Amino acid sequence: MAPLSMRSLSGGSLLGAAALVLLPLAGGSAVAQPGPDASFRTSAEQRPADLVVLRRWSTMAGESLIGVRDVKPDPRDPTARTIVLWLESPTGVQLVVDTLRCSPEAPMRLTLKGNNLEIRELNPGGQITSANRLDHQIWWAACYPAQAGKDPAQLAAVARKLGYPGNLREQQQLVPRHPR
């Protein structure tokens, strides 16, 4: 399959927005911050009230989780949203902004992977596996916040009612973040 060009996605508007929006937020790590009384707050105490936890697991080092928050529509594309991913580990918190397209014709998630932009074309209402579950959880949280935190494997009927055919091809591609 040929790689996508920067203009091949929605006339370039969504991908252009993603290139601007997908920059990691400031910092990247915040283990424990002193409270007003100089005591330290745990990561759990620092979590924002609007955080929707998508996945949580424990290791010998401590608890890790992935959550989302702060969904915003893209003013340049009515089918696009941005969302903040909260990636918490025992050593700190990293915040990453993803862009998602919610249209029934081309639902997708755009995220930065190093110096590349990862494009994941999704099939809401289709088969959910361990390989695509997190992408679908993030997509549902951004595009249909009322479904945030629900198991995407149980949302096929909802997807069909919303106009998603359930038979779209899922694939992912990496494109250079700064093409020549």
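Here is a walk through the fold, from model confidence to the sheet, the disulfide and the aromatic rings.

This is a predicted model, in which local features need pLDDT of at least 70 and side-chain atom pairs count only at pLDDT 80 or more, while totals for chains, interfaces and linings use all residues. Residues are numbered from 1 along each chain as its sequence is written, and side-chain values use heavy atoms, with hydrogens and water left out.

Let's begin with confidence. pLDDT is the predictor's confidence in each residue, on a scale from 0 to 100. Its mean over the chain is 82, with 75% of the residues at 70 or more. Residues 1-32 are another matter: pLDDT stays under 50 there. The model does give that stretch 67 contacts beyond four places in sequence, a contact being heavy atoms within 4.5 Å. Still, where pLDDT is low, the predicted coordinates should not be read in detail.

Now for the sheet. Helices and strands here are DSSP runs numbered from the N terminus (H or I, at least four residues, for helices; E, at least two, for strands), and two strands pair if DSSP finds at least two bridges between them. Seven strands make an open sheet with antiparallel pairing, in the order E1-E2-E3-E4-E5-E6-E7. At the edges sit E1 (52-59) and E7 (171-176), each pairing on one side only. On average, neighbouring strands are turned by 25° against each other, direction ignored; axes are lines fitted to C-alpha atoms, for helices over the stretch in contact, and angles between N-to-C directions run from 0 to 180 degrees.

Helix H3 (residues 133-143) packs on this sheet, touching E1, E2, E3, E4, E5 and E6, and its direction makes about 70° with that of E4.

Zooming in on the pairings, E4 (residues 92-101) and E5 (residues 108-113) are antiparallel and share three bridges, with Thr99 opposite Leu110 in E5. Next along, E5 and E6 run antiparallel and are joined by six bridges; here Met108 faces Glu121 in E6. These two strands form a hairpin with two residues between them, and Gly114 in the turn has a positive phi of about 65°. E6 and E7 also pair in the antiparallel sense, over six bridges, and Ile119 stands opposite Gln173 in E7.

The torsion about the S-S bond is about -80°, so the disulfide is left-handed. Cys102 and Cys143 are both buried, where buried means under 20% relative accessible area, exposed over 50% and partly exposed in between (1.4 Å probe, protein chains only).

Rings of Phe, Tyr and Trp (its six-membered ring) pair if their centres lie within 6.5 Å; planes under 30 degrees apart count as stacked, over 60 as edge-to-face and the rest as tilted. Trp139 and Trp140 are edge-to-face, 5.1 Å centre to centre with 90° between the planes. Trp139 and Tyr144 have ring centres 5.8 Å apart and planes at 55°, so that pair is tilted. Trp139 is buried at a relative accessible area of 0%, whereas Tyr144 is partly exposed at 24%. Together with Trp140 and Tyr164, Trp139 and Tyr144 form one aromatic cluster.

Definitions and conventions. Disulfide = S-S within 2.5 Å.
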